[in-house]
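Reader: Please take a close look at one part of this model. I would like the local picture, then its surroundings, in one connected answer.

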Amino acid sequence: MNLEELSVVNTFVVVMWIMGPAYIANSIAVLTGGKFPIDQGKKLSDGNRILGDGKTWSGLIGGTLGGIAFGIFLNSSWGFSALERLTGEEFDGKLWGANAIFVFTLLSFGALFGDMSASFYKRRQNLKRGDKFALLDMYDFIFMTLLLCFIFQNTWLMSWILDGWMPLFIILFLTPILHRGVNIIGYRLGVKNEPW
Ligand code: CTP
Ligand code: MG
């Protein structure tokens with residue numbers, strides 16, 4: 001299966017499916033997070049926290065493991081039959097290449113590492129935990145995920161996500177929508193402090 005052989009709608013589905021562990025990792029971190037701040041309360045010379053109380057070990061570890069578990073589920077025969085029913089296409093069971101677990105790790109850890117890097121930058125801009133930083137909040141995680149995959153799973157990334165412009169365009173288009181949608185749900189459910 002090659003993305004170029006799929007309809008536009010199915011390409012959307014498959015790209016989201018492939019990136020699923022990255023998208024879910026942040027949501028799981030919101031659920032497991034809140035304990036053991038990674039910066040241990042420390043501040044830099046600008047007087048602001050290194051990362052702030054919004055970046056914790058429980059979020060980082062829970063989100064990374066949760067993302068990997070979600071990837072393993074997507075990569076199971078259940079996952080593939082769900083995708084095949086959804087798209088009406090057949091897949092050969094190799095969406096994440098030969099090192100699927102490693103790719104899931106890059107996707108989910110990359111997402112949280114990107115989110116953490118953004119928090120570091122936000123604190124340097126004197127923004128408090130939870131303050132809004134529109135574009136950064138929406139793209140931080142996906143950018144780092146793609147960067148880590150580009151470095152460590154280049155062949156896989158080039159064959160799926162960077163194969164033509166369409167998948168990247170879909171990611172840039174859908175990421176803010178998904179990100180905002182999930183955060184609004186989390187906010188309404190009372191697990192997230194802000195709807196962004
Ligand atoms: N979270 C966590 N550890 C992480 C990521 C997230 O504990 N590594 C939890 C925190 O409880 C955090 C919530 O998920 O408050 C929402 O995440 P996010 O919006 O990224 O954090 P903010 O609280 O907005 O903090 P920041 O301004 O640093 O982004
Ligand atoms: Mg936030």
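Author: Start with N48, whose place is in the loop between α2 and α3. Helices here are DSSP runs of H or I with at least four residues, strands are E runs of at least two, and both are numbered from the N terminus. N48 is buried, at 12% relative accessible area. Buried means under 20%, exposed means over 50%, and partly exposed is in between, with a 1.4 Å probe and protein chains only. Leaving out residues up to four places away in sequence, N48 touches K43, R123, R124, N126 and K128. Contact means heavy atoms within 4.5 Å.

A word on the basis. This is a predicted model, in which local features need pLDDT of at least 70 and side-chain atom pairs count only at pLDDT 80 or more, while totals for chains, interfaces and linings use all residues. Residues are numbered from 1 along each chain as its sequence is written, chains are lettered from A and ligands numbered from 1 in the order in which they are written, and side-chain values use heavy atoms, with hydrogens and water left out.

Now the charges around this loop. Side chains of opposite charge can pair when their charged atoms come close. A salt bridge is a side-chain nitrogen of Lys or Arg within 4 Å of a carboxyl oxygen of Asp or Glu. The count by this rule is six. One of them joins D39 and R49, at 2.8 Å from N to O. D39 and R49 sit 10 residues apart, each in the loop between α2 (20-32) and α3 (57-74). Both residues are buried. For R49 the relative accessibility is 17%, so R49 counts as buried.

R49 also meets D53 in a salt bridge, again given as 2.8 Å from N to O. D53 has 36% relative accessibility and therefore counts as partly exposed. Together, D39, R49 and D53 form a network of salt bridges.

D46 pairs with R124, and their closest N and O atoms are 2.6 Å apart. D46 itself is partly exposed, at 34% relative accessibility. R124 is also among the residues that N48 touches.

Next, the helices. In α1 (residues 8-18), the buried residues are N10, T11, V14, V15, M16, W17 and I18. Their cover includes α2, α3, α4 (77-87), α5, α7 and α8.

Helix α6 (residues 134-152) has 19 residues. From first C-alpha to last, α6 reaches 29 Å, close to the 27 Å expected. The expected span is 1.5 Å times one less than the number of residues. α6 bends by about 45° at D140. That bend is the angle between axes fitted to the seven residues ending there and the seven starting there. Buried in α6 are D137, D140, F141, I142, M144, T145, L146, L148 and C149. Among the elements that cover them are α2, α5, α7 (154-160) and α8 (166-189).

F102, F143, L147, F150, I151, F152 and M158 make a nonpolar surface patch of about 680 Å². Patch residues have over 30% relative accessible area and no salt bridge; like charges are joined within 9 Å, and nonpolar side chains (Val, Leu, Ile, Met, Phe, Trp, Tyr) within 5 Å. Accessible areas come from the Shrake-Rupley method with a 1.4 Å probe; for residues, only the protein chains shown count as cover. α6 gives the most to this patch, with five residues. F152 is in helix α6 and is partly exposed, at 48% relative accessible area.
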